Amino acid sequence: MVRWVCILTIFSSFFCFKSSAELITSLPGQPPNIFFKQYSGYIVTNAQHGRALFYYFVDADSENAASLPLTVWLNGGPGCSSVGFGAFMEHGPFQPRIDGSLIKNKYSWNLVSNMLYVESPIGVGFSYSNTSSDYTNWDDTATAKENLQFILNWFKKFPQYRNSDVYLAGESYAGHYIPQLTVLLLDYNRKPNVKPIKLKSIALGNPLLDLEISVKSSEYLWSHGAISDELLTMRRKICNETRFLLESIHNNVSNECTKVWELTDEEMGSDIDMGDLLAPTCVSSGTARQLGALATIHGKFVKHEVGKVAETCLTDRINLYLNKPEVQKALHANTTYLPYAWDFCLGYLHYRREDLAVNTIPLLSNILKENIQVLFFSGDQDSKIPLTQTRKIAKLLARDLKLVALDKYGPWYDGLQIGGWSQSFGGLREGKNVTYLTFATVRGAAHEVPFTSPSQALTLFRAFLRGHKGQHNLSPQVA
């Protein structure tokens with residue numbers, strides 16, 4: 001089904017764009033015997049401006065798909081693609097091989113949930129606006145409003161999922177996107193004469209929550225042998241990550257910070273992936289590049305092989321795959337012939353840099369008060385947003401809300417192996433202890449946890465989905 005929408009602009013000219021909710025018959029290179037359905041296309045979020053967000057939706061790979069929950073996934077950046085990172089690199093059903101064919105991901109999250117990947121905001125991936133001024137100073141508030149409008153309009157095209165339990169999940173700058181979207185969604189549910197969206201829980205991986213806490217990594221780097229005693233002292237006393245990023249936001253990096261960061265590059269090596277201390281460089285990469293000050297919150301494109309799914313130069317292959325005309329046709333993407341190639345991050349969008357400093361911890365506090373469970377999960381090899389900092393925030397939230405520890409800090413298991421360490425906090429509800437907040441590390445994982453530790457991430461995701469039933473999100477018995 002394709003619907004054309006035409007708008008008369010203030011300049012008295014017409015523009016048109018397509019709104020589609022089409023079944024993907026088969027992706028180029030897709031392996032045989034795929035029985036779950038895939039859909040993709042555009043959801044119009046503002047007809048007057050001609051804004052539309054691109055999505056990729058994958059039915060659960062189960063005979064009982066209709067009874068399984070709906071998970072909405074958002075990547076960070078700000079300005080990075082949920083289709084490129086989330087769907088094709090991390091936990092979607094397929095990943096491209098070097099010959100352009102697709103291999104099935106046996107750790108895909110659609111094994112346990114219907115998965116909706118949204119390229120948000122406009123200017124990211126295939127999403128766009130026909131109003132050029134929209135690209136010049138986009139911000140968190142606009143993103144949250146657009147994401148809520150996307151969900152409401154998406155349900156109109158897919159009413160069969162309107163009664164599903166809904167989960168919101170994402171990573172990195174999604175620590176801004178998801179709490180802000182959650183607050184708007186809960187406000188929407190309180191409106192009279194609306195059918196509430198059945199939001200159950202949110203999950204945030206290596207999230208940017210508070211610039212004053214989240215990004216400080218000096219002690220983490222020192223404890224991993226990546227910087228010297230002397231540099232640790234300099235980063236503590238002269239310039240830490242928070243100060244450097246705040247000065248970068250205002251394009252006024254001091255000489256003191258510049259010297260500290262030059263020394264950091266000298267000691268660590270300028271080609272190290274700060275999102276994954278174990279990652280070797282993709283030596284054949286033609287697209288891997290370090291992003292700008294904003295995008296460094298999300299991470300580089302170079303990764304390392306852990307297990308059977310993740311591999312160093314996968315992002316090169318994703319970039320090539322999603323820019324093939326036959327792939328875009330199969331995905332019902334780029335229907336307006338955008339004047340630029342698909343890319344992982346940023347594109348033409350100029351995001352408001354000051355929003356990097358927005359503190360979303362108060363929003364999470366209000367969300368927890370609404371009985372929406374929260375999971376923080378952290379790859380323990382990520383130095384961009386180290387687990388130590390996210391754990392501090394979890395403890396702050398638990399203390400301020402007077403949540404009690406429901407278990408001792410200890411290991412959780414992926415099969416017979418320790419998947420990481422966790423602790424849950426909660427309180428009494430109807431006479432029973434109920435989990436509200438869980439902090440979990442993922443052993444050996446990087447900034448994009450499902451990419452480098454796919455088996456552990458799937459186990460964690462399963463536990464997250466059953467958490468709303470009153471169980472702890474994680475326990476030593478998880479397998």
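So, what covers the buried residues of helix H8 (residues 314–322)? The cover includes helix H1 (82–91), strand S7 (94–96), strand S8 (102–104), helix H9 (325–330) and helix H12 (449–452), where contact means heavy atoms within 4.5 Å. Helices (H or I, at least four residues) and strands (E, at least two) are DSSP runs, numbered from the N terminus.

Quick word on the source: this is a predicted model, where local features need pLDDT of at least 70, side-chain atom pairs count only at pLDDT 80 or more, and totals for chains, interfaces and linings use all residues. Residues are numbered from 1 along each chain as its sequence is written, and side-chain values use heavy atoms, with hydrogens and water left out.

Back to H8. Eight of its nine residues are buried, so the helix is largely enclosed by the rest of the structure. Buried here means under 20% relative accessible area, with a 1.4 Å probe and protein chains only. Among those buried residues are Asp316, Arg317 and Tyr321.

Now helix H10 (residues 361–369). Its buried residues are Ile361, Leu364, Ser365, Ile367 and Leu368. They cover an arc of only 160 degrees around the axis, so they sit on the same side of H10; that arc is taken from the directions from the helix axis to the C-beta atoms. After H10 comes Asn371, with a positive phi near 65 degrees.

Last, a helix pair. H2 (residues 140–157) and H3 (residues 174–189) pack at about 55 degrees, axes 9 Å apart. Axes are lines fitted to C-alpha atoms, for helices over the stretch in contact, and angles run from 0 to 180 degrees between N-to-C directions.

Conventions. Buried means under 20% relative accessible area, exposed over 50%, partly exposed in between (1.4 Å probe, protein chains only).
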